[in-house]
Amino acid sequence: MSLGPRRRSRARPSRKSASAVCRIPCRSRCRSWPVPGGLMAVVSRMVMPVGRRRSASRPVRPGAPRVRPPGRPDPRRPVNRHSVSASSRPLPVVLAQAVPPAEVRSAILLPGGSQPDEPDDQESTVHDGTSSGRNFGQRLRALRLNAGMSQEALSHEAGVSVRALADMERGRTRGPQRRTVRALAEALGLDAAEAGELEDAASLGRPRPCRSADAAAQPSATEPAAAMTTRAPDLLPRAPRGFHGRASELAALTRATAGEAPVCLVVGPAGVGKTALVLHWAHRDPAGLTDGRLYADLRGFSDMGEPAAVEVLREFLAALGVPHERIPESENGAAALFRSLAADRRLLVVLDNARDSEQVRPLLPGGDHCVTVVTSRHRLPGLIVSDSARPVAVDVLAPPDGTALLSRVLGTHRVHAEPAAARRLAELCGGLPLALRVVAARLAGRPDWSLDSMAAELSDHTRRLGLLDLEDTGVRAALHLTLRQLPAPVSEVFAHLGRHPGTHVDRYAAAALAGTDPAAAESALEHLTAAHLLTETSPGRWAMHDLVRLYARTLDAHPDTLKRVLDHYVATAIGAVAAAEPGSEDCFPLPSDFLAPAAVRRFDDRSAAVAWFAAERDNLTQAVAAADAARLHDRTWRVVMTMWPLIVWRVRDGWAPLLQTALTATRAAADEHGEARLLNVLGWVLTEEDRTPEALVHLEAASTLAARAGDAFAEANALIVLAMAQASLGGLEEAAHSCERAADLARRIGDRRMERLATQHLARHQADAGHWHQALATATHALASEDRPETTDIPHILLLAIKGEALLGLGKQAEGITQLDLAAREAEAAGYDDGALRALTVLLRASANPEVQARYDAALTRLTTRT
């Protein structure tokens with residue numbers, strides 16, 4: 001077998017010379033180096049392992065030529081009696097380079113102080129990953145400097161990390177793959193000839209095939225890394241087809257795999273494409289990892305059972321060239337051997353579908369130059385603590401990337417023909433790549449189906465999960481395997497969460513759903529979040545993916561689950577009303593079959609109650625819809641009535657449809673008390689929306705119902721709102737009279753709060769009529785008679801504003817502006833934007849102040865933008 005091209009003819013050193021010629025069999029294209037005779041022993045010791053310098057034949061490093069058996073000289077080469085006895089015995093191979101490194105060669109002087117000749121050309125450079133790597137690196141660095149580019153600039157243009165470029169230029173990378181070289185050539189603007197020369201230089205550093213370890217003699221136990229070297233193993237599955245997007249995740253993965261012995265943890269829900277992301281990244285040739293790529297599916301979420309750690313280690317060791325009979329039987333022994341073999345290598349190890357940290361730890365390689373990537377549906381915090389794993393979260397695809405994924409499978413012509421339907425499909429699949437691929441597979445098998453017809457099928461939420469299953473693959477199967485790994489109490493909470501009518505839950509809502517306490521519910525929520533079945537969208541609030549929610553609804557849950565969560569919202573809202581509007585009357589008695597939750601959230605102050613109402617508005621609205629659909633009429637209207645602070649604070653937010661639903665529920669439940677309350681609130685909202693004729697119908701009916709029931713409180717409330725409708729039609733005197741009647745009713749039943757409310761509206765109508773003295777006197781009296789003057793509530797703010805407006809009307813400009821500014825600031829602090837807007841409007845009429853205008857604009861923006 002040829003050992004490479006013959007070197008140019010040189011004069012052979014004489015036998016009396018101080019130097020000898022060392023012909024060390026190393027790799028193909030090896031050349032001879034003249035070595036001073038005094039250093040022959042040093043070189044021999046360097047290239048032969050300690051304790052085995054006279055051992056039998058052993059396998060050579062990857063890429064090395066075959067060594068002839070003892071006594072069989074190479075007929076094409078003369079025997080050199082001054083060389084190391086390579087002709088009498090094959091040279092054992094160690095992890096050190098077979099040829100002295102540059103710093104050693106520089107110390108080897110020929111007679112007269114000269115140095116040995118360098119190779120004549122690149123073809124004569126050894127393939128040990130050092131000389132060839134250095135020649136490629138020198139060429140690359142020269143080209144980069146000639147192009148005037150920094151490493152960072154070249155990294156950006158070529159899509160290769162700065163760390164990889166640095167390794168290439170220093171000669172630490174043996175030989176990058178062709179696609180990497182092409183990217184570098186394009187980024188440097190090389191022509192075809194220059195690009196070819198760069199590729200030739202890189203090819204010299206790539207590993208060469210060698211004979212298998214099984215064919216070699218048995219290695220010594222003291223030198224496993226040397227003896228068990230073989231060609232670079234590659235156990236990676238093929239790259240995923242149809243991969244698209246994920247630029248930010250790929251960049252995060254590259255960053256996470258930088259540094260010393262990194263462990264990267266790619267986490268995300270089932271079906272989100274974690275494995276596809278990692279394999280796509282791995283096949284892009286991670287820089288510097290030239291000694292092999294190992295892969296194992298740990299099947300942590302499979303119904304096929306998990307492989308034992310020792311089985312995975314055996315596969316890794318076999319790939320690294322260890323004969324089967326030399327692989328230790330125990331897990332600890334196999335793990336130790338794997339770590340020692342990996343210590344001086346640059347390996348990529350992908351551990352896919354890990355269940356927990358314990359499953360991963362025995363499979364982590366040793367050494368500083370290996371990169372480990374772990375994928376899991378769980379967060380594996382233990383691995384972050386013990387091995388400094390760097391998490392990379394993978395989320396669902398945005399609609400544009402979802403439609404692009406469909407295009408990769410179905411073809412761009414079909415997707416471009418129905419762009420709106422393609423986007424709708426991406427939305428119905430929730431951006432989940434697994435669901436999108438199942439949909440694409442169904443459409444690919446039915447070329448006559450339109451995307452729009454498929455979207456119509458998926459729109460039926462009762463059939464969606466079934467349509468997203470295909471043979472043994474699908475969303476439901478993936479979620480089932482995830483859930484099966486969780487403890488039974490956690491799975492039970494998950495099943496009940498599917499009955500939640502809204503989009504977000506807190507620990508109190510979860511506890512009510514599952515019939516447990518908040519602490520146990522929070523623990524379950526944390527488990528489900530770690531398994532990526534929930535997402536913590538903000539501290540203490542969790543949400544489910546739409547498809548996960550549909551799956552949860554297919555599981556068994558307690559029949560009273562919905563009633564329990566509705567009663568939770570009623571109980572919590574009552575507490576929030578008490579904190580936000582202290583002293584207010586309860587809107588209703590509780591239902592006879594009320595299911596009290598194990599614990600109810602406590603609100604320390606008004607701001608906490610206001611924040612809860614703002615956060616739960618959508619949930620409360622969806623709870624009303626769920627109660628109405630389930631014909632729980634007594635819960636439907638009560639949930640709506642607990643929202644009255646929200647309605648007061650943002651009266652122009654279109655509450656009429658929700659109130660109409662609640663009114664219908666009171667009539668279905670034959671509850672006249674509830675009906676009177678709802679008629680009153682609905683009439684007020686319609687009045688604020690300038691739908692006064694409709695409002696009058698509801699308000700007159702409310703007054704009649706309350707009087708018939710002998711409910712003085714409800715009657716007084718109805719008279720106040722009726723006065724508002726009368727005032728909007730121009731009947732200010734009539735409106736003032738209705739408020740006076742309401743105040744009398746309140747005094748008769750001893751309700752000071754209702755009396756103050758009636759007085760506040762009376763002052764308002766007096767001010768609107770231009771009766772400034774009466775308005776000022778009424779407002780001042782009401783403010784002075786407040787039971788809790790330190791409390792800021794809506795009537796208090798409005799009385800301050802009316803007083804300021806009356807002072808302006810009486811020509812007391814400075815006092816009026818001060819009073820209105822106070823009202824506006826208290827409203828802003830309380831989050832009562834409607835009240836702030838009213839006070840600031842009057843202030844702007846009195847003084848065109850830029851600061852007041854800015855406050856007005858901010859209040860208007862808040863009022864017109866739902867939070």
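Leu 184 has its place in helix H6, which covers residues 178-188, and the model in which it is seen here is a predicted one. With a relative accessibility of 0%, Leu 184 counts as buried, because buried means under 20% relative accessible area.

**Around Leu 184**

- Leaving aside residues up to four places away in sequence, Leu 184 touches Leu 140, Leu 154, Ala 158, Leu 165 and Met 168.
- One of these residues, Ala 158, is 26 residues from Leu 184 along the chain, and the C-alpha atoms of the two are separated by 5.4 Å.

**The chain as a whole**

- The chain is made up of 867 residues, of which 53% count as buried, and it has 40 helices and twelve strands.

**The five-stranded sheet**

- Five strands form an open sheet in the order E4-E5-E6-E3-E7, and their pairing is parallel.
- At the edges of this sheet are strand E4 (293-297) and strand E7 (390-393), each of which pairs on one side only.
- On average, and with direction ignored, neighbouring strands of this sheet are turned by 15 degrees against each other.
- Helix H9 (residues 247-256) packs on the sheet, where it touches strand E3 (263-267) together with E6 and E7, and the direction of H9 makes about 175 degrees with that of E7.
- Helix H11 (residues 309-319) also packs on the sheet, touching E4 and E5, and the direction of H11 makes about 160 degrees with that of E4.

**Strand E5 and the strands beside it**

- Strand E5 (residues 348-352) runs parallel to strand E6 (residues 371-376), and four bridges join the two.
- Within this pairing, Val 350 stands opposite Val 373 in E6, while the bridge partner of Leu 351 in E6 is Val 374.
- E5 also pairs with E4, in the parallel sense and over five bridges, and here Arg 293 stands opposite Leu 348 in E5.
- E5 is mostly covered, since five of its five residues are buried.
- Leu 348, Val 350 and Asp 352 point one way from E5, whereas Val 349 and Leu 351 point the other way, and all of them are buried.

**Helices H31 and H33**

- Helix H31 (residues 672-688) and helix H33 (residues 712-728) pack at an angle of about 20 degrees, and their axes are 9 Å apart.
- H31 is therefore roughly parallel to H33, as angles under 35 degrees count as roughly parallel.
- The crossing in which H31 passes H33 is left-handed.
- On the H31 side, the contact is made by Arg 677, Asn 680, Gly 683, Trp 684, Thr 687 and Glu 688.
- On the H33 side, the contact is made by Phe 713, Ala 714, Asn 717, Ala 718, Val 721, Met 724, Ala 725 and Ser 728.
- Sorted by class, the contact of H31 with H33 has seven nonpolar, five polar and two charged residues.

Terms used. Residues are numbered from 1 along each chain as its sequence is written. This is a predicted model: local features need pLDDT of at least 70, side-chain atom pairs count only at pLDDT 80 or more; totals for chains, interfaces and linings use all residues. Side-chain values use heavy atoms; hydrogens and water are left out. Two strands pair if DSSP finds at least two bridges between them. Axes are lines fitted to C-alpha atoms, for helices over the stretch in contact, and angles run from 0 to 180 degrees between N-to-C directions. Contact means heavy atoms within 4.5 Å. Angles under 35 degrees count as roughly parallel, over 145 as roughly antiparallel, 65 to 115 as roughly perpendicular and the rest as oblique. A crossing is left-handed if the near helix is turned anticlockwise from the far one by less than a right angle, and right-handed if clockwise. Ala, Val, Leu, Ile, Met, Phe, Trp, Tyr, Cys and Pro count as nonpolar, Asp, Glu, Lys and Arg as charged, and the others, Gly among them, as polar. Buried means under 20% relative accessible area, exposed over 50%, partly exposed in between (1.4 Å probe, protein chains only).
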